[in-house]
Amino acid sequence: MSKIFDFKDDISLGIEFGDYDKEIIGSSQQWEGYYPINGKLNSSTCWCPSSADKNNHPWIQVNLKNEKYMTSVTLQGRKDGNQYVTKFRVLYSKDGVNFEHLEQFPGLSNVSETKKYYFSFPILCRSIRLQVLEYYEHPSLRFEFGYIPDYYFWAKLNESLKETPQ
């Protein structure tokens, strides 16, 4: 049986710092100033889907420019209001069009919480999406994804295989 290796030392994708500003899209937005680009971790506002979309499992997505091994997502609620996501799922895509379900998470329990969720395994993808399933007041959020570089993934996998009993 092989040893499962973890990726708790993943790297921030850089959404918070504007590295993907042109690559963030959402199913909708509520008002001016609450666009998908405002959903970055620690933003002074947030992403809020429109009221018409809020019960239709709204989503926010990042196009990664090239394939990456994605490992985690960090979630926050709305900074200037009592709105947050209480249940969500992560979907991924190799082409940015067709998405597959990766994992579902319980979400936040209050607006002041910042919580990091690790995926069960790294997923190689070109686009990654958060889809809101349940929320408190309104499905508002701020987020960041974590990833590991290709070379690190292969080094950890090789290390894990060497430790596997024969």
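Reader: How many cavities of 30 Å³ or more does the structure hold?

Author: The structure, a predicted model in which local features need pLDDT of at least 70 and side-chain atom pairs count only at pLDDT 80 or more, while totals for chains, interfaces and linings use all residues, holds one such cavity. Residues are numbered from 1 along each chain as its sequence is written, and side-chain values use heavy atoms, with hydrogens and water left out.

Reader: Which residues line the largest cavity, and what is the lining by class?

Author: Lining residues have an atom within 4 Å of a point. Here they are Leu75, Val85, Phe88, Leu130, Gln131, Val132 and Leu141. Ala, Val, Leu, Ile, Met, Phe, Trp, Tyr, Cys and Pro count as nonpolar, Asp, Glu, Lys and Arg as charged, and the others, Gly among them, as polar. The lining accordingly has six nonpolar residues, one polar residue and no charged residues.

Reader: Which strand gives the most to the lining of the largest cavity?

Author: Strands are DSSP runs of E with at least two residues, numbered from the N terminus. Strand S6 (114–136) gives the most to the lining, with three residues. S4 (84–93) and S6 each supply at least two.

Reader: Why is Leu91 called buried?

Author: Buried means under 20% relative accessible area, exposed over 50%, and partly exposed in between, with a 1.4 Å probe and protein chains only. Leu91, which lies in strand S4, counts as buried because its relative accessibility is 12%. Its contacts (heavy atoms within 4.5 Å), leaving aside neighbours within four places in sequence, are Phe99, Glu100, His101, Leu102, Ser127, Ile128, Arg129 and Gln131. Leu91 and Leu130 are 39 residues apart in sequence and 6.5 Å apart in space, C-alpha to C-alpha.

Reader: How do you know that S4 and S5 pair?

Author: Two strands pair if DSSP finds at least two bridges between them. S4 and strand S5 (residues 100–105) have five, in the antiparallel sense; in one of these, Val90 has Glu103 as its partner. The two strands form a hairpin with six residues between them, and Gly96 in the turn has a positive phi of about 80 degrees.

Reader: Which strands are joined to S3 by bridges?

Author: Each of the following runs antiparallel to S3: strand S2 (residues 24–26), with three bridges; S6, with 13 bridges; and strand S7 (residues 142–148), with seven bridges. Lys68 has Cys125 in S6 as its bridge partner, while Met70 has Tyr147 in S7. S3 is mostly covered, with 14 of its 18 residues buried.

Reader: Why is Arg78 called buried, and what makes its link to Tyr34 a polar contact?

Author: Arg78, in the loop between strand S3 (59–76) and S4, is buried because its relative accessible area is 10%. A polar contact is a pair of N or O atoms within 3.5 Å; within protein, one must be able to donate a hydrogen and the other to accept it, and residues adjacent in sequence count only if both atoms are side-chain atoms. The side chains of Arg78 and Tyr34 are joined by such a contact of 3.0 Å.

Methods
1 Å grid on protein atoms, 1.4 Å probe; cavity = no way out; pocket = protein on both sides within 12 Å on 5 of 7 lines; lining within 4 Å. Points joined across faces, edges and corners; volume = space filled by probe spheres on them. Helix = DSSP H or I, 4+ residues; strand = E, 2+ residues; numbered from the N terminus.
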